Amino acid sequence: MTFLRRFAHNYGALVGLAILLVVVAVAILAPVFFPSSPWESAGVPLLGPLEDPQFPLGTDMLGRDIAAGLAYGARVSLLIGVVSTAVAVVIGVSIGALAGFHGGRIDDLLMRFTEFFQTIPALAMAIVLVAIFNPSIVSITLAIAVVSWPPVARLVRGEFLSLRSREFVQAAIVVGQTGPRIMLTQILPNAVSPIIVTASLMVATAILTESSLSFLGLGDRNMMSWGFMIGAARTMLREAWWMSVFPGVAILLTVLAINLIGEGLNDALNPHLRGRRG
Amino acid sequence: MQTASAKAHHVPLLAVEGLSIPLPAGLDRRFAVENLSCTLDAGEILCVVGESGSGKSMTANAIMGLLPGYLKPSAGRILFRGRDLLAMGEAELQRERGRSIAMVFQEPLSALNPLMKVGDQIAEVMEVHGEGNAAERERRVLALLDYVGLPDPASLRHAYPFRLSGGQRQRVMIAMALALEPAMLIADEPTTALDVTTQAQILDLIRRIQRAKGMGVMFVTHDFGVVADIADRVVVMERGLVVEQGGADDVLNRPQHAYTRRLIAAVPHRETHEARPGSEGELLLDVRGLRKTYRSGGGLFSKPRVVDAVKDVSFTVRRGETLGIVGESGSGKSTLGRCLLKLTDVDGGEVRFRGQDVVPLSAGAFRPMRRHMQMVFQDPFASLNPRQTIGRILTAGPVANGIPRAAAEAKARELLALVGLDVSAFDRYPHEFSGGQRQRVGIARALALEPELLIADESVSALDVSVQAQVLELLQELQRRLDLAIIFITHDLRVAAQICDRIAVMYRGEIVELGPPEQVFDAPRHAYTQRLIAAIPGLHWDPRAAVA
């Protein structure tokens, strides 16, 4: 298929895909590699990396295995990244589609509503939301979704605005199709490429936001996460660098991988850029 | 007649000899232009005419050295005053461009820098060629603007391009081209984007300048009417090859090559109508006092800009009749079509369809009636959803109107045959078809609902003449077979004259004249209609006689 071939032409995207697949595999296989809980004190505290072959990445001040923490943390990061993005895309597409298709008053109303969310700094709002509802994986996911849908809504609105005036949409009105049907079958399929690209990049942002929340101590107390690990390591920054560096590298690689994939999708799906790389 | 010995004594202004430009591999043909030879003398207008994809613009760009990087001439020479342009270095070519050879492009808006005053743009041409000092250039700019017939050069010089009309912009482009008194002008479809009356003025201007300065003009066009108006000699191109060239009179009135004859036969031309029983048909549509006003801008403290797009328009359409609505851009003809179909809201008046006024109906109440009034759109590329198969596009309407999918699909296959497409088209996507084929799909979609009224909004304007002729024929045949009423909206009087029973001429939102083609053409009453008819390109030339 031509889409796959175009995507495969982009080496960056392939590298990103490989890294992401490794992260996914680690997340799925975490209980196999590390049967005991990542919260459990497994060995001597503050072991450096490779000091004990049982703990290749070392232990923290309570003797918890860093490698186990990373593996279980991948589950939280990916889960929150994907679910919150999915929720945000559903909200954003619905609001953007209604605003762009109907225009006028409805557009004004929905866009002012969107701007209301956009004017509040995303992280600050996420902190407030998580603090109001008790920190749990559900409240964190929803908080991230609530702060990240406005860009999707704006994007989809723009696409719908321009597609709505296209002749094939006019033709659909003339043959008697109803509004919702036109939105779903005529316009949305033509707007799907930029939505996919934006969504892929939003996953990366969501992972970062979750890490920030956990770093600030607003993570789910029952789930090990990369942000929490860095947060816990901050008092030991000079004594035990490995406690913060490894989760930091994990976040960096995952976010980078997803961004590379998003970039690759953009190039492959956007017909205007086709052939840009020869 | 163009042998080397005959020309030995004089060097033509431009001589293209055996020019070939290969296309990248994998396209439908090997050469964009193949073995092209032609000459242009000072003081003559050479028209290069052909349909889209014939390589005519490519030829013009090759002479200007404006070919895209992946296209390189593989053979031949382009001799300008005896020196090969293809062998020149970029620096030398740059001196010739603008100074000796100038070009006027098709789209005057995109060819001008939107952020620069028009006077500065003309002065810049002289500046980059190191001509004169600032004061001299300024004087020359004003003289040029005056020369190309622009009003009030002193203030217009400070205008930005968006303030000018299409015709004025094209005049500015011509002024830029003339700035350095070039010996040769290449004009690539310079009037295609313009209205007929503006086109006539620009053609006049080009001819006047060419005579006054003794320039050689290479004029690229697809319109044989324009050729008939200005050409001294003609080159006809088909798929990269020159199929015929010669004096304008010979080519236009005694075409030799089959392709030229086919093209000329397809030029829309007024036909003597056999009296059709159209006027006795049952009254289908009765429009009374229709009004539509556009308001834009306007906030709390500023007045909105108000444009009367349609002002108090009234007409009737009977079953089996074709009503042409003719007008230039901005005359409100497309808005009128959209009002009839309630694609835009109406500010006043009545649209009685089979006796019922549809204007006050809500969108939901009107939807069941939509099936009786269908539209064929202008742009065959934009009017089909690129993500849907032809089958899906054709069945969308019937399915939305409650016909079972299986029945709709059977009907769609019948329609494909009716509009002259293969049934295999059903499962294919729009991008696999040419413009003419897509327009057939558009017509099939409109017919899928068995409408009584068909509104065709510039439905053939984007098509090449030969395809245009086929689609017009198809529409006429379908009309006879299905007893359709057609409202045919067009800017092209020639097309309207060919297929319409009655013609309404629209000017600034009003119908200024309404009558059968004979009356509108032979005894136009309104001054605007008279101007419009006088501006039709190739009015004195009868293509039917040429190929009879």
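## The bend in helix H8 of chain A

In this predicted model, H8(A) bends by about 60 degrees at A:Leu188, and a proline, A:Pro189, follows within four residues of that point. Just after H8(A), the backbone at A:Gly217 takes a positive phi of about 85 degrees.

## The contact between chains A and B

The contact draws 14 residues from chain A and 21 residues from chain B. On the side of chain A that touches chain B, the elements giving two or more residues are helix H7 (167-174) and helix H8 (179-215), and of these H7(A) gives the most, with seven residues. By residue class, this side of chain A divides into seven nonpolar, five polar and two charged residues.

## The fold of chain B

The secondary structure of chain B comes to 21 helices and 20 strands, and its C-alpha atoms fill a box of roughly 75 × 60 × 45 Å along the principal axes.

Buried residues make up 46% of the 548 residues in chain B. Among the contacts in chain B with a separation of 6 or more, 69% are accounted for by residues 24 or more positions apart.

Notes
Residues are numbered from 1 along each chain as its sequence is written. Chains are lettered from A and ligands numbered from 1 in the order in which they are written. This is a predicted model: local features need pLDDT of at least 70, side-chain atom pairs count only at pLDDT 80 or more; totals for chains, interfaces and linings use all residues. Two residues are in contact if their C-beta atoms, placed from the backbone, lie within 7 Å. Ala, Val, Leu, Ile, Met, Phe, Trp, Tyr, Cys and Pro count as nonpolar, Asp, Glu, Lys and Arg as charged, and the others, Gly among them, as polar. A residue is buried if 20 or more other C-beta atoms lie within 10 Å of its own, exposed if 12 or fewer, and partly exposed in between; C-beta atoms are placed from the backbone. The bend at a residue is the angle between axes fitted to the seven residues ending there and the seven starting there.
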